[in-house]
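Reader: I would like a close look at one part of this model, namely its aromatic rings. Please keep the account plain.

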Amino acid sequence: MTGWNQLRLQRPLAAWACWSRVLRDNPNDSAAKQALEALLKAPHLPHAARAVYRFRMPSIPIRRARWNAVLLARDQEDLDAAADVFAQLMAADPEDADAAFNHALCLAWLGHNADALAALDRVVRLDAATRPDQAAAAWVVAEVLRQGAGAERFADEWSHTLVMPRHSRDDLWIAQLEEAGRLRRFATPLRPDTLEPVATDLQVYELLDRALTEVGEPTSGYGDPDSTPPPPPSRPARVMCSVLVQPNELRFSSPDPESLRRVETFLPMLRPDASCRPVQRLSSPLPLNMLDAAAWLTRLPVGLPEDQRRRLAQEALDDYYRNTWIHQPRQGLEGLTPALAAESSDPVIRVRLDAILTFREQVDARSPVGWPLEIHHDFDDLRRRLQARRPDATPRLDQPHLKTQATPPELDRSEPQ
């Protein structure tokens with residue numbers, strides 16, 4: 001039960017450690033076996049969140065001798081004791097990146113995500129210049145830990161929510177938006193254990209930036225402050241936010257803070273008294289199975305041919321990574337955006353960028369929750385744009401479609417003709 005609670009708190013490494021300790025003491029424990037198998041095969045988690053990690057061993061003889069002297073005298077089966085051992089080794093040799101990595105693993109297995117992040121930061125700073133591959137592998141683990149409970153202040157992916165009191169007159173604008181095709185209602189979520197609705201008085205909607213109509217039907221807007229003439233029916237709509245209507249309150253949520261700001265501007269046009277109501281703003285880290293939620297806010301018109309649906313979905317996903325994601329600051333890059341990190345000569349920043357791209361590719365590789373099409377972004381193209389490591393991913397510019405995607409250094413090296 002402790003393992004399941006760790007998983008609920010977005011600490012998959014700690015959950016793995018809990019169930020592994022159960023199986024160490026009782027190899028035939030069926031509940032732990034099933035739980036561990038479910039974690040290792042979880043289809044919606046990125047690989048780094050369900051991988052099996054092992055301690056590193058030192059390659060320098062003098063360090064191996066020091067490790068042997070310390071480790072033989074301590075119980076390595078106890079995680080707290082093992083964490084103390086590696087902290088002792090780090091204190092004796094501050095340049096020992098392997099001890100720092102093992103210390104970070106112990107802390108992550110114990111569920112101390114914030115402390116583990118600090119240890120992994122030390123690993124990257126020690127290894128970035130001389131062992132970039134190992135440094136990048138360590139920072140991939142850090143990208144998992146930053147979303148877990150206890151490390152909220154280090155999270156990069158968030159769900160943002162506006163909460164305001166509900167008035168009976170709200171039913172009017174809700175009905176108007178539904179009629180205009182801007183508000184789509186969904187079935188009330190079910191409890192996983194009983195398959196009964198989580199609440200009988202809860203209504204769930206998506207608010208779109210334009211009406212989602214069938215192909216061939218006219219589209220209609222509804223009072224958006226920056227509305228444009230009706231788009232062609234094949235143009236995708238975008239989710240501004242999800243809307244939860246409860247008896248006493250309204251909740252507007254989105255992983256995109258800019259969309260939520262537009263909603264704040266939009267609401268007073270529907271209900272003039274909306275700006276007078278008290279508004280509570282909440283934020284929480286996104287769960288590991290929804291880290292790319294902001295990339296999947298596109299909604300396609302009904303009735304499109306399959307090839308057109310896939311093309312529009314692919315274009316929307318590629319546009320998000322090429323023109324939005326790379327310009328968003330990340331704590332994992334010390335506040336830089338991926339685009340700015342690509343211009344840095346600091347080996348620590350470069351290693352972190354490589355690790356973040358690797359982790360994000362893992363997030364993209366699993367099936368997105370609730371999305372009907374198997375669409376993925378080409379992260380080799382993104383690495384090329386950001387001049388990130390993995391030189392084998394850099395294609396030649398002898399194909400017409402690649403010329404339009406060339407980076408400035410590639411253009412500098414090319415012949416104008």
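How many aromatic pairs does a search of the whole structure find?

Author: The search finds eight aromatic pairs in the whole structure. Rings of Phe, Tyr and Trp (its six-membered ring) pair if their centres lie within 6.5 Å; planes under 30 degrees apart count as stacked, over 60 as edge-to-face and the rest as tilted. One of the pairs is Trp16 with Trp109: the ring centres are 5.6 Å apart and the planes are at 35°, so this pair is tilted. It links distant parts of the chain, since Trp16 is in helix 2 (residues 12-25) and Trp109 in helix 7 (residues 97-110), 93 residues apart. Helices are DSSP runs of H or I with at least four residues, numbered from the N terminus.

This is a predicted model, in which local features need pLDDT of at least 70, side-chain atom pairs count only at pLDDT 80 or more, and totals for chains, interfaces and linings use all residues. Residues are numbered from 1 along each chain as its sequence is written, and side-chain values use heavy atoms, with hydrogens and water left out.

Trp16 is buried at 11% relative accessible area, and Trp109 is buried at 9%. Buried means under 20% relative accessible area, exposed over 50%, and partly exposed in between (1.4 Å probe, protein chains only). Trp109 also forms a tilted pair with Phe55, 5.5 Å centre to centre with 50° between the planes. Phe55 lies in the loop between helix 4 (47-50) and helix 5 (61-71) and Trp109 in helix 7, so this pair ties together parts 54 residues apart in sequence. Phe55 is partly exposed, at 31%. Ring pairs join Trp16, Phe55, Trp67, Phe86 and Trp109 into a cluster.

Methods: Helices (H or I, at least four residues) and strands (E, at least two) are DSSP runs, numbered from the N terminus.
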